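Please take a look at the chain below.

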Amino acid sequence: MRSTWFIRLNALFFLASLSFADTNLSALVDAKKFDFSLLLDIRYATKNNFTKVVVYPEARCLLRKSVAQALSRVQSALKVQRLQLKVFDCYRPLSVQRKLWQLVPDERYVANPEKGSRHNRGAAVDVSICDLDGKEIEMPTGYDDFTEKAHRNYFKLSKKAIRNREILENAMAKEGFVGLDTEWWHFDYRGWEAFPIEDVSFSGVP
Ligand SMILES: [Zn+2]
């Protein structure tokens, strides 16, 4: 009898540790804690975005832990090439998505909060590349350019822009990020659909 309880208790602890590990990897974290060198230019925390309105209370890059770890590996790999990431956007709470939708209720530019944005799941990042001095290298367009020039299959560009887009795509793909066809800067981490849409506020993440 005693041994049966012992086995059950052990099984319980095992299951608890498994679910803790899962929660841990999917918990929202501050990406800077995994790589202090990450260069942030969180546009929605400034007026320097296409809505011209500040919609984030803080300039932070929050991501699922496994995604933050993968991004930190991309950063390390780029540094070997004397390059580094520049981060424009990461996790976005659903309430902020609603605010964006109020400002621009047009699905060509903003995801409808009824469906949620990929950024609401904490597994999407908008990134570009800088040199080690923090100067952006040439890319097809600026950030949040909604023309076809931003599409990944657009090639009427300078050789440099095509090459640089490829460097970013390769570095991200190696660590499990998949690019969005219409935005050269947007990447989702593999399995992103499995992460639920969240409405944790920025201040709710340490
Ligand atoms: Zn994006």
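Leaving aside neighbours within four places in sequence, which residues is Cys-90 in contact with? They are Ala-31, Cys-61, Leu-62, Leu-63 and Val-125. Contact here means that C-beta atoms, placed from the backbone, lie within 7 Å.

This is a predicted model: local features need pLDDT of at least 70, side-chain atom pairs count only at pLDDT 80 or more, and totals for chains, interfaces and linings use all residues. Residues are numbered from 1 along each chain as its sequence is written.

**Overall layout**

The protein chain has four helices and seven strands. Helices (H or I, at least four residues) and strands (E, at least two) are DSSP runs, numbered from the N terminus. Their order from that end is α-β-β-β-α-β-α-β-α-β-β. Of the 206 residues, 30% count as buried. A buried residue has 20 or more other C-beta atoms within 10 Å of its own; an exposed one has 12 or fewer, and partly exposed lies in between, with C-beta atoms placed from the backbone. Among contacts between residues at least 6 apart in sequence, 71% join residues at least 24 apart.

**The core**

The largest nonpolar core holds 34 residues. Such a core is a set of buried Ala, Val, Leu, Ile, Met, Phe, Trp, Tyr and Cys residues joined through C-beta atoms within 7 Å. Cys-90 is among the members that touch the most others, as are Leu-71 and Val-87. α2 (65-80) gives the most to this core, with five residues.

**Helix α4**

α4 has 16 residues. Gly-176 follows α4, with a positive phi near 95°.

**Strand β7**

Six of the seven residues of β7 are buried, so the strand is largely enclosed by the rest of the structure. Two strands pair if DSSP finds at least two bridges between them.

| Strand pair | Sense | Bridges |
|---|---|---|
| β5 and β7 | antiparallel | three bridges |
| β6 and β7 | antiparallel | four bridges |

Asp-126 has His-186 in β7 as its bridge partner. Val-178 is bridged to Asp-188 in β7. β6 and β7 form a hairpin with two residues between them.

Note on methods
Contact = placed C-beta atoms within 7 Å. Expected span 1.5 Å × (residues − 1).
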